[in-house]
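Student: I have a new model open. Can you walk me through how to read its features?

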Amino acid sequence: MRTPWIFIGVARKVTMLFLALYLIIHGPLSAQIISATLKADSNQILIGDHLNIKLVVKYANDLMVVLPPFSDTLGNMDVLNASKVDTSVEGNFKILTRTYTVSAYDSGKYHTGPVKIYFKDRGGLIDSVMSDAVPVLVNTLEVDTAKPFKAIKAPLDVPYSWKEFIPHIIAGILLLAAIAGGIFYWRKRSKRKPMVIERPRPKDPAHIWARKELQKLEEEKLWQKDEVKQFYSRLTDILRMYLEYRYDWFALESTTEEIEENIDRYHVKHKAKDSLMQILRSADLVKFAKMLPLPDANMRAMEAAYKFIDFTELKAEKPEEKINV
């Protein structure tokens, strides 16, 4: 009944033996085909100083090696920078080198590493190897407690160099040039007179032309055909064109308000001005407010237009009669 326990013990011993043989055989073999070492410039620094740590991974050509990704720490020290990986070949081996810049901000005993390097062999087996760890002693400044404490020095005044002002001077000159250019362009553009295309003038004098046009408008009987808006548009266009032919005033594109504001420049009589503005205001109400005036109002508008022509007609001066004594 005790025989099975004997066999189990023997099996455990055989398994441990094979495992030991595997480690003996494969352990040194891995060490032969890949190695990872960390080397520091120094083993002690002052607090806050920078220390360079070089990682060197040497491995056989048939291995695939992946370096660990960048991390904020190496061991228990802060990593400030990590160089690019430098690759070189030495016989049947490749060598990967990366330099880390580390520091520590408190005094004490620190260490960088160990760093774990993963690799895959030709058969696809993934394994890893560990680098050694580098001890680093971080010292603080020695304080002589026998001496009295001194106050902290104020910041030093560093004199300015004229070279520091060059970018600001150039920027100021460019800004002033831009402002001056903008002012010059604005003045030049404001002085530019609007282009006026003079329309062909009628052969008849302005007042004769206007009366003929008004007569044609009457004969068309637009407002009698319920075309009131068209009637007032034609009527005001005739009067605006008359202003152009009579006064050289390009009023066809002017609004009623603009005409009222500028009409005094042309020395138009008060009665004539009232007649014209009455017509223009009524026309605006019809065109823009859709007002429908009574037939009497339309007739009065036509009469006011004739009166405006009569008041402003340019009359030829009569030659002086000779008086026989």
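Predicted model: local features only at pLDDT ≥ 70, side-chain atom pairs only at ≥ 80, totals over all residues.

Student: What span should α3 have, and what does the model give?

Tutor: Take 1.5 Å a residue. The 15 residues of α3, residues 206–220, should then span 21 Å. The end C-alpha atoms of α3 are 21 Å apart, which agrees. Just past the helix, Lys-221 has a positive phi of about 50°.

Student: Now α4. How many of its residues are buried?

Tutor: In α4, 15 of the 20 residues are buried, so the helix is largely enclosed by the rest of the structure. At 1.5 Å a residue, α4 should span 28 Å. Its end C-alpha atoms are 28 Å apart, in agreement.

Student: Which residue follows α4, and what is its phi?

Tutor: Asp-248 follows α4, and its phi is positive, near 55°.

Student: Let me try a loop residue. Where is Ser-254 found?

Tutor: Ser-254 is in the loop between α4 and α5 (256–262).

Student: Is Ser-254 buried or exposed?

Tutor: A residue counts as buried under 20% relative accessible area. Ser-254 has 15%, so it is buried.

Student: Which residues is Ser-254 in contact with, leaving aside neighbours within four places in sequence?

Tutor: Ser-254 contacts Arg-240, Trp-249 and Ile-259.

Student: On to sheets. How do strands pair in general?

Tutor: Strands of a sheet pair through backbone hydrogen bonds, either parallel or antiparallel. Now a case from this model.

Student: How many bridges link β10 and β11?

Tutor: Five bridges, in the antiparallel sense, pair β10 (residues 116–120) with β11. Phe-119 has Asp-127 in β11 as its bridge partner. Lys-116 stands opposite Met-130 in β11.

Student: What do β10 and β11 form, and which turn residue has a positive phi?

Tutor: They form a hairpin, with five residues between the two strands. Gly-124 in the turn has a positive phi of about 90°.

Student: And the sheet with β2, β12 and β9: what are its order and pairing?

Tutor: This open sheet of three strands runs β2-β12-β9, with mixed pairing. β2 (44–46) and β9 (108–112) are at the edges. Each of these has a single partner strand, so one side of each lacks a neighbour in the sheet.

Student: How many bridges join β9 to β12?

Tutor: Five bridges join β9 to β12 (residues 134–139), and these two run antiparallel. In that pair, Thr-112 stands opposite Val-134 in β12.

Student: What separates the C-alpha atoms of Tyr-59 and Glu-90?

Tutor: They are 9.7 Å apart, while the two residues are 31 residues apart along the chain.

Student: Zoom out. How many helices and strands does the protein have?

Tutor: Seven helices and 12 strands. Of its 325 residues, 27% count as buried. The protein exposes about 24500 Å², with 60% of that from carbon and sulfur atoms.

Student: And what share of contacts joins residues at least 24 apart?

Tutor: Among contacts between residues at least 6 apart in sequence, the share is 66%.

Note on methods:
Residues numbered from 1 in each chain as written. Heavy atoms only, no water. Helix = DSSP H or I, 4+ residues; strand = E, 2+ residues; numbered from the N terminus. Buried < 20%, exposed > 50% of the residue type's maximum accessible area, 1.4 Å probe, protein only. Contact = heavy atoms within 4.5 Å. Areas by Shrake-Rupley, 256 points an atom, 1.4 Å probe, with all protein chains shown as cover. Expected span 1.5 Å × (residues − 1). Pairing = 2+ DSSP bridges.
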